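Please look over the sequence and the structure shown here before reading on. The briefing that follows goes through the model topic by topic, for a reader who is new to it.

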Amino acid sequence: MKAKTRFTNLGFLLPTLILFCVMVVYPFIKGVRISFTDWDGFSNTYQLVGFDNYIKLFTDPTIIEPIKNSLFYTVVTVIGDNVIGLLIALLLKKDTRINRVIRTCVFMPFIISLVLTGFIWSYIYSDVFYSMFHIKSMLGNKNTVMLGICIMAMWRDAGYSMLIYLAGLNGISDTYYEAAKIDGASPFQRFKYITMPLLAPAMTINITLFLGWGLKVFDYAMTVTHGGPGRASETFALYVYNYTFPYNKAGYGQASAIVMMVVVVIITSVVTHLLRKREVDQ
């Protein structure tokens, strides 16, 4: 009976496993091989260059700006999305008709594609804000372009964060709060000692997801600025894309992509481990 159950489970998993191998594992293995060549992405011939692409990557001074931009975007959106999402979830916790309508409105931007979000906010920055408030587009200033991209990202993603926190809040029994009220705990104390510890799993999910999305952000910068003005909004993912396609240096681009993937996996794994450990400690 156990063997039959295992084969049944394997039968359900097999199509997904095959698709994963074809769409992820095989391209990754092929990409690793290409990263050791000087392939331009088009020709049928290329030369093995060993670790030259990786050496160039770690000695390229122009890579500092994309790394800084990716880190800035990640820090701002991870903090912003979680703070905004948690605040909205706390405000809309009660299951009333008006709250359900507002929740839907807050979540709706998340179903919009990242590319469409970029086009919408590019129009808002350039036309709406200037005509109404005489504010020049944040996307045209190298000092504000990354903040402008962060704002559009938080507008889209805060609803998703809210949904995760709402699920966490609804899983907290009211008896904890009633007992705390009887003991004379203030609203802040109830939030600090009951809500926050019991929301730890939801925080782990949100922080990990937004951390991973932030480190490999590509769509916003590509859609609204193409990395400009200058290279002020070029992220690491856009750096990889530029070398792989426009610059026709697919070997170097693949090496950059592999390094980016390894960095993202390491950072998200470490953060997830620390957050999970914090859940157990609490």
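## Briefing on the chain

Read from the N terminus on, the elements of the chain follow the order α-α-α-α-α-α-α-α-α-α-α-α. That comes to twelve helices and zero strands, where helices (H or I, at least four residues) and strands (E, at least two) are DSSP runs numbered from the N terminus. This is a predicted model, in which local features need pLDDT of at least 70 and side-chain atom pairs count only at pLDDT 80 or more, while totals for chains, interfaces and linings use all residues. Residues are numbered from 1 along each chain as its sequence is written, and side-chain values use heavy atoms, with hydrogens and water left out.

**Overall form**

- Taken along the principal axes, the C-alpha atoms of the chain fill a box of roughly 75 × 70 × 30 Å.
- Of the 282 residues of the chain, 38% count as buried, a class that means under 20% relative accessible area, with exposed over 50% and partly exposed in between (1.4 Å probe, protein chains only).
- Among contacts (heavy atoms within 4.5 Å) between residues at least 6 apart in sequence, 69% join residues at least 24 apart.

**Nonpolar cores**

- A nonpolar core is a set of buried Ala, Val, Leu, Ile, Met, Phe, Trp, Tyr and Cys residues joined through side-chain atoms within 4.5 Å; the largest one here has 36 residues, and those with the most contacts inside it are Tyr-165, Leu-199 and Tyr-239.
- Two or more residues of this core come from each of α2 (52-59), α3, α6 (145-170), α7, α9 (200-215), α11 (236-244) and α12 (250-281).
- Leu-199 touches Leu-86, Tyr-165, Gly-168, Leu-169 and Ile-172, when residues up to four places away in sequence are not counted.
- Another core lies apart from the largest one and has 20 residues, among them Met-138, Ile-149, Cys-150 and Val-217.
- As background, in soluble globular proteins nonpolar side chains tend to be buried together.

**Aromatic pairs**

- Rings of Phe, Tyr and Trp (its six-membered ring) pair if their centres lie within 6.5 Å, and planes under 30 degrees apart count as stacked, over 60 as edge-to-face and the rest as tilted; by this rule the count comes to 19 aromatic pairs.
- The rings of Phe-36 and Tyr-54 have centres 5.5 Å apart and planes at 45°, so this pair is tilted.
- Because Phe-36 lies in the loop between α1 (2-34) and α2 while Tyr-54 lies in helix α2, the pair ties together parts that are 18 residues apart in sequence.
- Phe-36 is partly exposed, with a relative accessible area of 24%, whereas Tyr-54 is buried, with 13%.
- Tyr-239 and Tyr-252 form an edge-to-face pair, 6.2 Å centre to centre with 65° between the planes, and since Tyr-239 lies in helix α11 and Tyr-252 in helix α12, this pair ties together parts that are 13 residues apart in sequence.
- Tyr-239 counts as buried at 0% relative accessibility, and Tyr-252 counts as buried at 3%.
- One aromatic cluster is formed by Phe-107, Phe-110, Tyr-160, Phe-210 and Trp-213.

**The largest pocket**

- A pocket is an open set of points on a 1 Å grid over the protein atoms alone, where a 1.4 Å probe fits and protein lies on both sides within 12 Å along at least five of seven lines, and its lining residues have an atom within 4 Å of a point.
- The largest pocket has a volume of about 330 Å³, a volume being the space filled by probe spheres set on the points, which are joined across faces, edges and corners.
- Of the 13 residues that line this pocket, the closest to its centre are Leu-90, Lys-93, Tyr-177, Arg-190 and Thr-195.
- At least two residues of the lining are supplied by each of α3 (64-91), α7 (174-182) and α8 (187-198).
- The lining divides into six nonpolar, one polar and six charged residues, where Ala, Val, Leu, Ile, Met, Phe, Trp, Tyr, Cys and Pro count as nonpolar, Asp, Glu, Lys and Arg as charged, and the others, Gly among them, as polar.

**Single residues to look at**

- Arg-103 has its place in helix α4 (residues 97-107) and is buried, with a relative accessible area of 16%.
- Leaving out residues up to four places away in sequence, Arg-103 touches Leu-92, Lys-93, Lys-94, Asp-95, Met-162 and Leu-166.
- Gly-228 and Pro-229 are joined by a cis peptide bond with omega of about -5°, and Pro-229 lies in the loop between α10 (219-224) and α11.
- His-226, in the loop between α10 and α11, has a positive phi of about 55° although it is not a glycine, and His-226 is exposed, with a relative accessible area of 56%.
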